[in-house]
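Good morning, and thank you for joining. Please have the sequence and the model open before you while I go through them.

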Amino acid sequence: MDFATSRPGDFSRLVQVLPTPETTTTHQPHGVGESHSATSFVETHGTTVIAVKYKEGVLNVADRRATAGMGVMYDRAEKILALDDHTIVAISGSFATSIQMARYLRHSFKYYSRSQLQPMSLEGKLAELTRAISNNLPMLLQGIGAFIPVLSAYDLEADQGRIFFYDGMGARFESSEFGAAGSGSSAIRGSFDYIVRTKKPFSEMDLQEALRECLILLDIAADLDAATGGYSKILPAAKAVTRDGVLTLDESQMTDVLRQMEDGVLGAIPPVRAHRIDADSESI
Amino acid sequence: MYSPYDFNQSIAHRAEYVEERLKGGAPVVGISYDKGVLLLTVKRTQRKIFEIYDQLMYSAIGNQADVEAVRLAAIDFAHAEGFQRSPDDVSIQRLVGFAISPPLKRSFGDPLSTPNVLRAIFVEMGKRPEKDVFFILNYDGEFSTHSRFAVVAGRDASELAMHEELEKYSDVPDLATALQRAVAAWRRGAQDQPAATDDDADDEATDRASTEDIPDPLAQALEDGEIEAAILERDTSRESKFRMLRADELKDVVATPANANS
């Protein structure tokens, strides 16, 4: 049979290249196509994403805004994406490359586990993400298409949630408690530390407490960063990754937490309802 | 010189060679149920039911290497298509009809290569049970489509018996009922096998087949094997809809005696 010889689970070889937008190499004559050149093109950006550990795994919270220059491109952007039953990625930076990257990784993880009959290891998944980012370097150097993901995973071997963040070239860092990316993240970076030092580590909080801290942090980011959406009109999105699968936090339930924050009531913590996606208990 | 006569002879010999090797294959049953689709078989050591894509799964009887080659080719095609277009464009019709069947046929017609020993079942889960599609793909590239259920077995007689068993029902079962029916059909398929061994059937075997006291083929198969069953779930929000059934989910059907369904 003239089927292609087996590629050991490497999806990038199957689709030939990692998905980066094609860079323009054609020479443009002076004065022509000026309005279409990279310098005047404004790409859409995702803004603030937050990841914190909590007792059962990792919680991700993100605003819903996507901006293009000074304009709001979209107010219902979904920036926390489940890659598989135990991995979620929160994206910031170029929306186009981020979404394509998430699509690529989702296929890549599934391709590996289906063809190799075993799930890709966490290390393998992280390396795959590094590869996707570093492959995007030519775009980064041209000034567009840079994206910075925060990857949250539930490590089944270590039985704990883990947070990884990256720089634009693909360097990977692991965070012990929290991670944040996007334009609003620098405004709140110190606040994470403040919470850990004065209240308690995020990893000791339950889901409700952690959600509340994240929503406050996001609110501060929205106050200090013009590109970060608040939640007067549209609620932020929240997902968590746990041993048993991915939780998508119920939007309507978040309003209770938000209302309490507005009222300044800090005592009682309302329960959070979430939609659970159970993981396959057999690994594949 | 290679004449048309030789060609016919060669094809006939190859078919005979393959059929001979497929005879011993343990049947695979596919049934569509209300919340998904089910594939069930009995395996000895090697896994036999595989996930191909979000809404596709596959199983086959035959030579391990050939089963594996078709599996990988199907996964490659499905993922490349699903990524470059969309998961909705990966259909069983495109997969089997255009990506798998033609190379299989070419390889079967090539007198200088070893023929592929394989009979495969592909399943595509639809939004509703009526939309589920089964494809049976033969070693020579021939394929047929089925709805509600489909089976593959080593012999035509076994497949006929299994069809007969499953055609008794016209409703859409739930998973527990689908498992019962699949096991009943599997029994029929495995049972009819010894009777069809006409060439070297000795007197003893013929005697046994003629009496009602035939040992339960499932119980026999489970002595050195186990039931393998997998489902695609229609309504799950998980990234993968495919799931192998756990031993505790299969406990009840294994325990059901052979005559419970007849």
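This is a predicted model: local features need pLDDT of at least 70, side-chain atom pairs count only at pLDDT 80 or more; totals for chains, interfaces and linings use all residues.

From strand 1 of chain B, B:Val28, B:Gly30 and B:Ser32 point one way, B:Val29, B:Ile31 and B:Tyr33 point the other way, and all are buried. A residue counts as buried if 20 or more other C-beta atoms lie within 10 Å of its own, as exposed if 12 or fewer do, and as partly exposed in between, with C-beta atoms placed from the backbone. Strand 1 covers residues 28-33, and because 6 of its 6 residues are buried, it is largely enclosed by the rest of the structure. Helices and strands here are DSSP runs numbered from the N terminus, with H or I over at least four residues for helices and E over at least two for strands.

Residues are numbered from 1 along each chain as its sequence is written, and chains are lettered from A and ligands numbered from 1 in the order in which they are written.

What does strand 1 of chain B pair with? With strand 2, residues 36-43, it pairs in the antiparallel sense over 6 bridges; two strands are said to pair if DSSP finds at least two bridges between them. These two strands of chain B form a hairpin with 2 residues between them. Strand 1 of chain B is also joined by 4 bridges to strand 8, residues 149-152, again running antiparallel. B:Ile31 has a bridge partner in each: B:Leu38 in strand 2 and B:Phe149 in strand 8.

Let us move to strand 4 of chain B, residues 56-62, where 7 of the 7 residues are buried. On one side are B:Leu56, B:Tyr58, B:Ala60 and B:Gly62, and on the other B:Met57, B:Ser59 and B:Ile61, so placed that both faces are covered. Strand 3 of chain B pairs with strand 4 in the antiparallel sense over 4 bridges, and a hairpin of 2 residues joins the two. Within that pair, B:Phe50 stands opposite B:Tyr58.

The nonpolar core comes next. In soluble globular proteins, nonpolar side chains tend to be buried together. A nonpolar core is defined here as a set of buried Ala, Val, Leu, Ile, Met, Phe, Trp, Tyr and Cys residues joined through C-beta atoms within 7 Å. The largest one has 145 residues, and A:Leu59, B:Leu38, B:Met57 and B:Phe122 have the most contacts inside it. Which residues does B:Phe122 touch, leaving aside its neighbours within four places in sequence? They are B:Leu56, B:Tyr58, B:Ile92, B:Leu95, B:Val96, B:Phe135 and B:Leu137, where contact requires C-beta atoms, placed from the backbone, to lie within 7 Å.

I turn to where the chains meet. The contact takes 23 residues from chain B and 22 residues from chain A. On the side of chain B, strand 3 (49-53), helix 2 (64-84), helix 3 (92-109) and strand 10 (242-244) each supply at least two residues. Helix 2 of chain B gives the largest share, 10 residues. By class, this side has 10 nonpolar, 7 polar and 6 charged residues; Ala, Val, Leu, Ile, Met, Phe, Trp, Tyr, Cys and Pro count as nonpolar, Asp, Glu, Lys and Arg as charged, and the others, Gly among them, as polar.

Finally, chain A. It has 7 helices and 14 strands, and buried residues make up 44% of its 284 residues. An open sheet of 6 strands in chain A has the order 11-2-3-12-13-14, with antiparallel pairing. Strand 11 (178-181) and strand 14 (274-278) of chain A stand at the edges with a single partner strand each, so one side of each is left without a neighbour in the sheet. Strand 13 of chain A, residues 245-249, is joined to strand 14 by 5 bridges, and A:Val246 stands opposite A:Ile277.

Note on methods. Two residues are in contact if their C-beta atoms, placed from the backbone, lie within 7 Å.
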